[in-house]
Amino acid sequence: MKRTGWFWFLLLFAAIAAIVGVSFFYESTPSGTDIIKVDNFLLGTLVEIKAWDQTLDEEAVRASIQSAFDAMRRVESEMSVNMKGSIVHQINDSAGISKVGATSSVIAVLDIAERVSELSGGAFDVRIGAVSHLWDFTSQKAARPPDPKAIAKAVRLITLASVEFSATTGTVYLPVKGMRLDLGGIAKGYAIDVASKALRKAGLGNFIVDAGGDMFVAGTRPNGRKWRIGVRHPRRLGDLMCTLLLSDRAVVTSGDYERFFVYEGRRYHHILDPATGYPATGCQSVTVIAKEATTADALATAIFVMGPERGLKLADRLQDVECLIVGADGARILSRGFGQYLPAVMAVSP
Ligand code: ADP
Ligand code: MG
């Protein structure tokens with residue numbers, strides 16, 4: 001190689017070394033900031049908690065994560081519709097008969113559910129249980145829609161009477177026989193918030209509580225940057241629709257692609273319109289970002305049922321609530337402030 005050849009070769013080498021060095025500096029993290037990750041199956045999904053903290057040792061972080069899982073399990077054992085002995089199960093069994101003693105968690109969830117129900121004009125309604133228990137979205141192959149007469153009868157039961165609950169007496173009562181609570185559209189969000197509070201109480205400030213894609217994201221990654229969260233594409237399995245940059249926010253998605261069956265060429269999924277008793281038809285998915293997972297969870301279900309037009313109006317009038325709606329035709333609709341969570345170089349993919 002001639003001398004000028006060597007010069008250019010060395011210059012190129014130095015440039016590559018500099019680029020590699022700079023990117024390493026950017027992505028490298030100080031020692032003692034490993035992310036600890038623990039998985040557990042609960043609430044019908046895989047829940048993953050990730051956390052890191054510079055001031056706590058690994059054992060302490062693991063103990064805190066464990067306490068967060070314990071708290072989530074308590075929520076599940078109180079609010080599951082299917083678990084025999086759960087408080088919700090007892091409330092449903094006692095419909096039209098007697099009041100049931102409930103925990104402050106159940107009362108708190110009913111209170112938020114009632115608020116979201118009012119905000120959404122009844123699109124979100126935990127009394128949906130009267131209808132939802134007729135449907136089976138678990139066995140994709142054998143499933144078929146329930147008898148239309150049974151659906152019509154159950155729909156009438158939904159709005160027949162209010163859920164009676166009181167924080168002072170700590171009781172819940174369904175006044176009409178056949179009424180049923182289903183907290184499936186909100187309990188997971190509440191469990192995520194409860195876990196997040198347990199982690200914060202243990203002194204952790206940087207974590208993700210991820211319940212099958214619904215999550216609360218706290219603090220930052222070890223490199224000081226916001227957490228990156230992928231939002232799934234409702235039709236292209238395994239693909240992401242966009243990536244969000246988040247800190248101290250809940251992000252929850254309701255979609256028609258998770259629990260559904262196809263019968264005579266039609267897709268039937270688990271988000272039901274209380275007005276008809278059938279799956280809501282306006283959206284493919286709704287992703288809500290809010291300060292708490294409980295409200296984000298209920299709102300995602302509510303906006304899904306309301307459909308893009310009314311759903312967007314609701315999100316735009318609520319503070320600290322943003323949403324990304326994918327309409328039934330695949331069109332993407334973003335609430336006014338949603339863009340703040342998208343990285344500058346990225347957009348929502350078609
Ligand atoms: P996921 O359970 O996949 O997180 P959602 O948060 O959208 O999804 O909740 C769907 C669940 O909410 C259903 O399985 C059912 O238990 C309940 N649900 C369905 N329709 C409604 C509704 N209109 N209002 C309140 N809860 C609902
Ligand atoms: Mg929900």
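First, the ground rules. This is a predicted model, where local features need pLDDT of at least 70, side-chain atom pairs count only at pLDDT 80 or more, and totals for chains, interfaces and linings use all residues. Residues are numbered from 1 along each chain as its sequence is written, chains are lettered from A and ligands numbered from 1 in written order, and side-chain values use heavy atoms, without hydrogens and water.

Now the helices. Helices are DSSP runs of H or I, at least four residues, numbered from the N terminus. Two packed helices are described by the angle and the distance between their axes. Axes are lines fitted to C-alpha atoms over the stretch in contact, and angles run from 0 to 180 degrees between N-to-C directions.

Start with α2, residues 58–79, and α7, residues 187–201. Their axes come within 8 Å and cross at roughly 150 degrees. So α2 and α7 are roughly antiparallel, a label for angles over 145 degrees. The crossing is right-handed, meaning the near helix is turned clockwise from the far one by less than a right angle. Who touches whom? In α2, the contact residues (heavy atoms within 4.5 Å) include Ser 64, Ala 68 and Met 72. Among their partners in α7 are Tyr 190, Val 194 and Leu 199. This contact has 14 nonpolar residues, two polar and no charged. Here Ala, Val, Leu, Ile, Met, Phe, Trp, Tyr, Cys and Pro count as nonpolar, Asp, Glu, Lys and Arg as charged, and the others, Gly among them, as polar.

Next pair. Helix α4, residues 104–119, packs on α8, residues 293–306, at about 30 degrees, with axes 10 Å apart. That makes α4 roughly parallel to α8, the label for angles under 35 degrees. This crossing is right-handed. Ile 112, Arg 115, Val 116 and Leu 119 are the α4 side of the contact. Seven residues here are nonpolar, two polar and one charged.

Then α8 meets α9, residues 308–317. The angle is about 140 degrees, and the axes are 6 Å apart. From α8 come Leu 299, Ile 303 and Met 306; from α9 come Arg 310, Gly 311, Leu 314 and Ala 315.

Last, the ligand. Which residues come nearest to ligand 1? Of 18 around it (a heavy atom within 4 Å), they are Ala 123, Asp 182, Ser 254, Leu 272 and Asp 297. The side chain of Asp 182 has an N or O atom 2.7 Å from a ligand 1 oxygen. For the Arg 259 side chain, the distance to a ligand 1 oxygen is 2.9 Å. Leu 272 uses a backbone N or O atom, 2.7 Å from a ligand 1 nitrogen.

Technical notes. Helix = DSSP H or I, 4+ residues; strand = E, 2+ residues; numbered from the N terminus. Parallel < 35°, antiparallel > 145°, perpendicular 65-115°, else oblique. Polar contact = N/O pair within 3.5 Å; in protein donor to acceptor, adjacent residues only side chain to side chain.
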